[in-house]
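Notebook open, structure loaded. I'm jotting down what I look up as I go.

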Amino acid sequence: MKNIYNIIIVMFVFTTLISCVDQLTKEPIGLLTIDQIDASPTVTTIESSVLSSYDPLKSTLNSIVPGWRWDLGTVFRNDIVLQDMASNDMDKKWNPDGDQPWMDEIVEFTFTSENQAFNGIWVYDYEGISRVNLAIGFLEDDQVVSDSGLDPERRKQLLAEAYFLRAFYYFDLVNNFGDVPLVLSPPESFEEAFSVSVRAPVDEVWAQINTDLTDAKATASNDKYPDVSEPWRVSKGAIIALQAKVALFNEEWSLVLSLITELDGLGNYSLNADYFDSFDANIKFTDNEVIFAYDHRSNETPNNVNGLRSPVGWGFFAPTADFVAAFEPNDPRLLFTTTADPGNKFSPKIVGSTDWIDFGNKIYIRYADVLLWKAEALLETADLPGAIAIINQIRNRARTSATIDGSAIPPGTLPDRGSSTNASEVKDWLVSERRVELGFEAQRFNDLKRWGTAKSVLTALGRNYQDHNNLYPIPQLDIDKSGGSITQNPGY
Amino acid sequence: MQLVRNFHPTKTMSWGRVMLSTVKIYMLMQTNCFTKTLKIMNYNLLRKILQMSKHTFYGICLQMVLVGMLMASESEAQRQSLDNIYISVDIDNLTLEDALLLLSDETDFNFSYNDHRVNEKKIVSARVKNKSMTVLLKKMSKAYDLKFKRINENIYVSKREKSGADVEEEFTGFFQELAITGKITSSEDNEGLPGVNVIVKGTSQGTITDVEGNYSIEVPGEETVLVFSFVGFLKEEVTVGNQTIIDFVLTPDLTALDEIVVVGYSSRKKSTITGAVSIVDVESVKKNRIPNVAQALQGQIAGVQVTSSTGAPGDPVQIRIRGEGTIGNNNPLYIVDGIPSRDITFLNPADIKSMTVLKDAAAAAIYGSRASGGVVLITTLSGVKGKTSFGVDYFTGIHSVSDLPDMLNADQYMKTLEKAWNNTFTGANPYTADMGRSDFSDTNWLDELFETGKSHNLQISASGGNDKVQFLTSLSYYGLDGIVVNDNDKYQRLTYRTNINIDISDRFRIGTNLQLSHSTQDKIASKGESLIRFALLRAPVLSVFKDVSDPTYSERDPFTDMPFFTPTGYDQGLQRTMYEMVGNPIAQAFFTDDVRKIYTTFGNVYAEYSFLKDKSLKFRTNLGIDLSFFHNKAFNENYGDDDGGGSAIDQGLGRRNRPNNLNESYGQALTTTFNNTLNYVKTINDRHSLNLLVGTEYISNFESSIGASRARYSVTTPEFRYLDNGGSDLDVWNSGTASEWGLFSYFSSASYVLDSKYLVTGNFRADASSRFSESNRWGYFPSISAGWIVSEESFLSDVDWLTNLKLRASWGKLGNQEIDNYTYLTLISQVNEVVKVDRYGNPDLKWETSTQSNIGADFGLFNNKLGISVEYFNILTSDILLPISLPSVVGNVQPTILNAGEVRNKGFEFTLNYRNSENDFKYSINANLATLTNNVEKLHPNLPNISGNVTRTEVGHPLNAYYGYSVIGIYQNQAEIDSHLSGTPGNNVQPGDIKFNDINGDGIISADQDRDFIGSPIPDLTYGISGLASYKKFDFSILFQGVGGVERYNDGKKIVDYDTRPFNYTTAIFGAWDGEGSSNTRPRVTFADNGSSKISSIFAEDASYFRLKNIEFGYTIESFKGIGIRLYVSGQNLFTVTNYTGLDPETTDLLDKGTYPGSKAYLLGINVNF
């Protein structure tokens, strides 16, 4: 009998253990589930969803993908590599060496789809889009907005910012890659993440960009700084300027002109007196020219300082001889763009200061650029005097700017272009003015492509440029990740 | 007869007991004296078994001898058949032992048994009244499965056989011609062995030795062969010849006895195990003086690869059992005293009693979901009853670096750079101008970096107990100050351990184990961007210390930093880039203050209760905790030259750790394990052995940590390295996280053995884990295995040389749940106000399953002197928990974990043991070798390959295989370049650059077409050879270990011998290409890319090695007053044979960027036991 009791005790121990199974459901610690987020977004959640959508625009090192992932091309935003190095303006380093050979492949046009430069920009842009999509999801939902108590005026501004940013990222993608997947809301599951990984035709992408910009403009205020305490936020000026740029890239010349007229109507922008003022860290957001820029600030959490200073210090971003030669004698813009001196490897424009101390903003759109679009549109619409006048306006500002070392600019520097009835001559003037005015600002390769001169310019310098390089390859990594549902551009 | 009657059995027994306990004490003392004998696997346990049977024999034989002597005068005359000897006796529930004593008391016969299958403790009853002895013996034979064979006055008792009479009689003649006498002694202690059977070969004529081990026998002639046999000793034969005195030494047969092996929640006899189970020779391993228990397995067991991640004190050790089965976690599961643990660094190697490795599913399936990486079972020492014994062990060692590469001196360096400049640029060569500068130094940075390290180890233990309570307690300290200067590479561990077992009754036993451990690791950068890398790279023209006249010199920071830094500004001129800027490793070693402390409390309490009359059913409950706290504290002191950088507030500080900062974190992890088992062990009719087990287990884990950091400490002395003393305005951070998981399981196991020949075992475990959604929570893990002891079959009984042959086969499934928590849920993170999807969940997530089969054969040859085991295994890991990165179009989210992918591991394992003794010289050799083929069989459609920096995991290749360009030579001239790179006009390639294989022949070296697999980091072959020997008071042990068929990506080689930046080089650079035909293996020195920047086959070096891991000589001073003293010297890593050019081929990193190497060490030690 005693044994039976013993066995009963044992059975009891065993069966009580079964209740342990109920202990196995563990709620995540420190991470929210989708339900928890949807249930109660606060004003802070919504605000930060928009705020974080700006992050992929900054030059801070490792800000999007941490951990020095040179192999993924994500240490910094790659537009400088894909625009300036890929054009004939910039070399990887002042001395050739084996460091970061993927950049050499971009310079030489010997890259493949595995080159991490493409992955880098792709990851940055789509990360921006995914953050914007989350923000737009909140902002478009009346219920969410009213539950959170978000001020309706603030909602309008935030929506304008979000739509602009989505358009901005897609604009970058469509120029680099052509057809790209069009993701407009956050996927609900990982299966959906695969189903949206299909390329949409460029027309659809352009249409979406236009829609977003139209929507953005509809709710934006006319102020130069819609929020004075945060002057970096997207303004109506930025939205109109981007619309104009979209029109320019689609060669809708009259639309370009009308949009720039609309922009001018805001009365917010003009050329700065000094060329370098747009970049100077010490006077940011007090100048007249910058329309859209990412505001690099020190001592912030998370860190969002201008990190490009570091690669500059390591000897990256050297000018090609061809680029240096493109500057007319004594053009003060040269030494702000690059020291052109292997003994002093530096670029004040990239760093945002003339020393190593302050770090400037990343300028995306400034009025000088807009003026040159206008000049191009005038030229294309046969208004040669109008185009020449703008080119001379730019040249005049340059020759009346302070030089980097304070030296006087000799008389006769950067003389005005004369009048001309030869459209191709004026086009040449425009082309070279854009090159020197906007050097190292991640504009050049797009310009060469738009003008159809990429092949002739680059092959003349011994670069292995082929016709299919007009579009960059879709990053192989993402093709692989999609299981092949994202297809490759022809030629790669 | 009268005398015999007066010799009362009970008196004999008590006399015997006195004898027994005397012997026991004696034996115990011996056991504590390490050097007394050759020690092999699980020696203590074996010894106990041996001792027990030996004691019984002492007792019985003593009795027999006495009886025999007393009867001697009459016996020869008495030649009556058993049929004619009548007896009345009432044996009522006596042990067989007592019953036979009673019978020998009642009759004139001596009973003895020489068959270990006879259980002398068995309770027997028999009652006859005036019946013949034959009747009585037949009755007993039937009832208790015994056989009786009478030879003259002796009746030999053995196990009943299927054929042959149960009771036999034989009378031997009286015609002996030669009288032989002699003494049989044990090789263990050189003492006489009582009770040894001395038989004339081919007859059943014989005698047994007396209490002193003496015997006398008359034999027919000189050609007679005498056979000496005694249970637990090797049977020996000797031809008489012309000798009249034949003394003989018997050697214990340590394999003949069945070792009891812990196999998971229960124990099994080694002979009945059917899975792939390897037992570590713990005594031998202890001679390797390893600091980390995990290293005990190195070189010891076929198919187990043990690698130190670096040689730095306290850095982790990696164990791989039968290869890498999965893309994720391949670590084995450790079970310490029945409690699972993922880490065993808290254990003191000297506290280990046994280690068993469960290599296949048949053995490990009882651990189910967490066992796919194999299971290592560890039991710690416990006390044994007897006189309290004390042990003290101390050793101290010196450690030094070995096999350093020859770096260039300043002059050679400058000339090399001069040439590199000339090969790259035109114009004035700045290196020519700098040649012989007065401020140049000539520093050998490696010599500066390394110093002699020191280690100390002290262990004090006490153990003992009585019949009811046994205890063991030990305290130990281990300290190692590593081989890098400035003593910031240190490891110290203090462990305390107590073990108590209490027998409350003969059915009820409780016990507890408690271990407290405190370890401190002073950590330096030991791999990756390590100090060692910096020492390899830094220009020899730079000195270690600044000149005091240097305006940037300070007493606090006297170290040089940037090359020839001038205080006038940052990067003025070429100076900085002429001598590539690499941090000063000596300064870094000096300023590093990164301390990790771990406090572990690990312990369990258990209770065991035996049910049923024969105690065949045992219930055991075991509750364990693994509680650890960690404390990490890193003070990053500001030093180095001011480069003009830093945010405005930090201007003017050195560029390193700007601003200085303190990072501190505390964490805790509590794992509780509660398991309950019922175990039924029964032998029925001596033919059927059953071992049944059912059980449950519940494991829960909770971990949390907090951290904080501050910066800008105005005072940086150690007394101020606390959070409050840092700046409070900026860069004040804090953090905190937590996680938890739980696991609940049922498990069962059944073994059945028929006739000690046919074996079958099945295991089944069901696990439920919190890491999976409710619908996929349960995983089921079955296994089945069978064995056949062929040598027990009658058709092999004539094959003398084959002592043992067992064939085994097994199949089973194991699981792996080692993924992050909550991966089945979609989670949103909100960090720094950024709200985003952190990871999309996979609600269908389930266990990763490893299906394993194993076949094996164990041979014991020549009385088990030679043992050979051969195994073949085939493991398919499927439903691998694979992190699938989603396309970036949905943003940068964490990969979703899917069940996809298959990896197969298969291979052979060979183990060979040989042991022998020639008088005082005893030795044993253990050799093992394993082959391994690792192959990825399947990946996910969305993940055609997994790429690392230099590796790629792809179907048809091993996991993490090196992937890159194949080097086919050096371009000798422009024509060769033009033809080979015909598709790449305008390339910058120069003669002297590396020529890569253009696989598709399109004249372009392209990433997607021309890369291939260039090596595997998983060794094809692992092996170890160890030996033990002793001669009188000297003893010796040795261990060699190696791997073959393995590559390692030597990034250090790239950077010191091929790089195009002005780092230092090794003297191998003198073989660089320098004009057509000068070299086809080493590219030119240049500052332009010579091809070395590409991931290529040059750097995927053969990392096979053969290493003398350990060698030890010991000498035992004759013990006096019961104190045993042994002195020893050890050497570690004394030599390595390898083609690998990095500092140490043994490293776990796929990419060796300059790893802290293992050190060569000499140790001196002493053991004292009393």
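**Helix H8, chain B.** I listed the buried residues of H8(B) to start: B:Ala410, B:Tyr413, B:Met414, B:Thr416, B:Leu417, B:Glu418, B:Ala420 and B:Trp421. Buried here means under 20% relative accessible area, with exposed over 50% and partly exposed in between, using a 1.4 Å probe on protein chains only. Helices (H or I, at least four residues) and strands (E, at least two) are DSSP runs numbered from the N terminus. At the start of H8(B), I found a side-chain oxygen of B:Asn409 within 3.1 Å of the backbone nitrogen of B:Asp411. For the record, a polar contact is a pair of N or O atoms within 3.5 Å; within protein, one must be able to donate a hydrogen and the other to accept it, and residues adjacent in sequence count only if both atoms are side-chain atoms.

**Ground rules.** I'm working on a predicted model, where local features need pLDDT of at least 70 and side-chain atom pairs count only at pLDDT 80 or more, while totals for chains, interfaces and linings use all residues. Residues are numbered from 1 along each chain as its sequence is written, chains are lettered from A and ligands numbered from 1 in the order in which they are written, and side-chain values use heavy atoms, with hydrogens and water left out.

I looked at S30 (residues 661–684) and S31 (residues 688–711) of chain B, which pair antiparallel over 24 bridges. Two strands pair if DSSP finds at least two bridges between them. S30(B) and S31(B) form a hairpin with 3 residues between them, and B:Asn685 in the turn has a positive phi of about 55°. Within this pair, B:Gly667 sits opposite B:Ser705 of S31(B). S31(B) is also joined to S32 (residues 733–754) of chain B by 22 bridges, again antiparallel. There I noted B:Val694 opposite B:Ser748 in S32(B). I also checked the loop between S29 (617–636) and S30 of chain B, where B:Pro659 lies. The peptide bond from B:Arg658 to B:Pro659 is cis, with omega near -5°.

**Two open sheets, chain B.** One has 4 strands in the order S45-S46-S47-S50, paired antiparallel. S45 (945–947) and S50 (1011–1015) are at the edges with a single partner strand each, so one side of each is left without a neighbour in the sheet. The twist averages 40° from one strand to the next; angles run from 0 to 180 degrees between N-to-C directions, with axes as lines fitted to C-alpha atoms (for helices, over the stretch in contact). S46 (residues 951–954) and S47 (residues 961–965) of chain B pair over 2 bridges, and B:Thr951 stands opposite B:Tyr962.

The other open sheet of 4 strands runs S9-S8-S11-S12, antiparallel too. Its edge strands are S9 (206–208) and S12 (236–239) of chain B, each pairing on one side only. Here the twist averages 20°. I counted 4 bridges between S8 (residues 197–200) and S11 (residues 225–229) of chain B, with B:Val200 opposite B:Leu226.

**Largest cavity.** How much space lies in the largest cavity? About 650 Å³. A cavity is a set of points on a 1 Å grid over the protein atoms alone where a 1.4 Å probe fits but cannot get out, and lining residues have an atom within 4 Å of a point. The lining has 37 residues, and B:Pro291, B:Gln295, B:Ser308, B:Gly311 and B:Gln1132 lie nearest the centre. S55(B) gives the most to this lining, with 3 residues.

I flagged two non-glycines. A:Ala442 has a positive phi of about 60°; A:Ala442 is in the loop between H19 (423–437) and H20 (444–451) of chain A, and is buried at 14% relative accessible area. B:Asn1133 has a positive phi of about 50°, is found in S56 of chain B, and counts as buried at 14%.

Note on methods. 1 Å grid on protein atoms, 1.4 Å probe; cavity = no way out; pocket = protein on both sides within 12 Å on 5 of 7 lines; lining within 4 Å. Points joined across faces, edges and corners; volume = space filled by probe spheres on them.
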